Amino acid sequence: MNARNILLQNAKNLLGWRTDRKIVVFAVDDYGNVRLHSKEARQKLDMAGLPTYNRFDAFDSLETKQDLAILYETLSSVNDKNGRNAVFTAYTVPCNINFEKIAETNYEEYHYEVISETYQKLATSDASAYKGGWELWKEGIEKGLMVPQFHGREHLNVNLFNEKLEAEDHDLMTCLKNRSFTSIKSNEDKLISPMAAFDFWQFKENEHFHGILEDGLIQFENVFGTRAQNFTPPVYSAHPVLHKTLKKHGIRFVDMAMISSVHQGQGKFDKKFNYTGKKNDEGLCLIVRNVVFEPSANYDIDWPSYVMQQIEAAFRWNRPAVISSHRVNFCGHINEDNRKKGVKALHELLKRITDRWPEVEFMAANELGELIVSE
């Protein structure tokens, strides 16, 4: 790590909630989301001219039973000072595109289904990857390996989806016919990403998002049997005006970037500085990630060493280490080698953490939030 990076790692830990305890939280986005259906789907998208813009377009898919089983084995391979295994706070969407219903209604409007239905369908069409997958998800929760929290109702912008549907957009229609939602162009004129559920151009569009959030939190509780306490939006993009609805429906902690560019509408942005433990206008406690772990972003980086340096910086300033990651790092349905590399890096990282700090404590993000507000 060069001098500039060392300075940045320390600078981002200057403000925020302090503790003498060595706390490590894994905050991992995108669970529950269907992006690529299969290798065959990716091949058909390639043939139709849909480019692979990033690693998510290349490797990301709904977590298979193999993905989950290998992840659980890895998280269980270490224990903290309390005898607890490592745990993923899985920021999860409870809903996905209902491809069949959209087709049945002649591609006229968006329809969704809950994640348990998605697994049920995939267990029929691709049993080797998905039969028993939903049961394994629930097993991971029961064993304390996965703690799902709210990542939005679905990982897509419904307004933009319906606009593209009405226009019979080539990329969207190709994706839908391949049970996927990826490699779709953003609306650059209005700064709206297809994956960003709460992106908008006119500020009044936020009025519609309140209903989506409310419905999404209800669906989350229906699916997982418990209310979500933490929220982070897809692509880290959501206006604070939505926090009122989040609070009303049980959200207490919001995961935000240290420096947020908050869209005010029509391309105007305000900068907001955040830190762990800060309270927003609604009284919600903010949690800011201060460590990055993204093996699939660049396989050539020694990720365990890089992450250890970041954790060292956090602990130096008596901060909890909140590690930011994404499901794509541990996905093997499209490319098994991608999962192997990601899991290998995770396994080595966990061993190095527990060797270096025997007093380490693994926590879910909601537990960290509870600890912060209790002091």
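Author: The account below begins with the aromatic rings and then turns to strands, a pocket and the cysteines. The model is a predicted one.

A pair of aromatic rings is described by the distance of the centres and the angle of the planes. In this structure the count comes to 21 aromatic pairs. One of them joins Tyr 110 and Phe 161, whose ring centres are 5.1 Å apart and whose planes stand at 70 degrees, an edge-to-face arrangement. The two partners belong to distant parts of the chain, 51 residues apart: Tyr 110 is in the loop between α5 (99-104) and β4 (112-114), while Phe 161 is in helix α9 (residues 158-166). Tyr 110 counts as buried because its relative accessible area is 9%, under the limit of 20%. Phe 161 is buried as well, with a value of 2%.

A further pair consists of Trp 134 and Phe 224. Here the centres lie 5.9 Å apart and the planes are at 50 degrees, so the pair is tilted, since only angles over 60 degrees count as edge-to-face and those under 30 as stacked. Trp 134 is part of helix α8 (residues 133-142) and Phe 224 is part of helix α11 (residues 206-224), so this contact ties together parts of the chain that are 90 residues apart in sequence. Both Trp 134 and Phe 224 are buried. These two residues also belong to one aromatic cluster, whose members include Tyr 31, Tyr 119, Trp 137, Phe 150 and Phe 220.

Five of the five residues of β5 are buried, so the strand is largely enclosed by the rest of the structure. In a regular strand the side chains alternate between the two faces of the sheet. In β5, Met 146, Pro 148 and Phe 150 are on one side, Val 147 and Gln 149 are on the other, and both faces are covered. Strand β2 (residues 88-92) runs parallel to β5 and is joined to it by five bridges; within this pairing, Ala 90 has Pro 148 as its bridge partner.

Another pairing is antiparallel: six bridges join β8 (residues 259-265) to β9 (residues 268-273), and Val 262 is partnered with Asp 270. These strands form a hairpin with two residues between them, and Gln 266 in the turn has a positive phi of about 55 degrees.

Aromatic rings also meet charged groups. The charged end of Lys 22 sits over the ring of Phe 315, 5.7 Å from the ring centre. Lys 341 is placed likewise over the ring of Tyr 299, at 4.2 Å from the centre.

The largest pocket has a volume of about 650 Å³. It is lined by 33 residues, and those closest to its centre are Asp 29, Phe 56, Val 235, Tyr 236 and His 326. Elements that each supply at least two lining residues include β1 (23-31), α3 (55-59) and β12 (321-326).

Finally, the structure holds zero disulfides. The sulfur of Cys 95 is 19 Å from the closest cysteine sulfur, that of Cys 331, and is therefore too far away for a bond. For Cys 175 the closest cysteine sulfur is again in Cys 331, at 17 Å, which is also too far. Cys 95 is buried, with a relative accessible area of 0%, and Cys 175 is buried at 0% too.

Conventions. Residues numbered from 1 in each chain as written. Predicted model: local features only at pLDDT ≥ 70, side-chain atom pairs only at ≥ 80, totals over all residues. Heavy atoms only, no water. Disulfide = S-S within 2.5 Å. Buried < 20%, exposed > 50% of the residue type's maximum accessible area, 1.4 Å probe, protein only. Pairing = 2+ DSSP bridges. Helix = DSSP H or I, 4+ residues; strand = E, 2+ residues; numbered from the N terminus. Phe/Tyr/Trp six-rings, centres within 6.5 Å; stacked < 30°, edge-to-face > 60°. Lys NZ or Arg CZ within 6 Å of the ring centre and 35° of its normal. 1 Å grid on protein atoms, 1.4 Å probe; cavity = no way out; pocket = protein on both sides within 12 Å on 5 of 7 lines; lining within 4 Å. Points joined across faces, edges and corners; volume = space filled by probe spheres on them.
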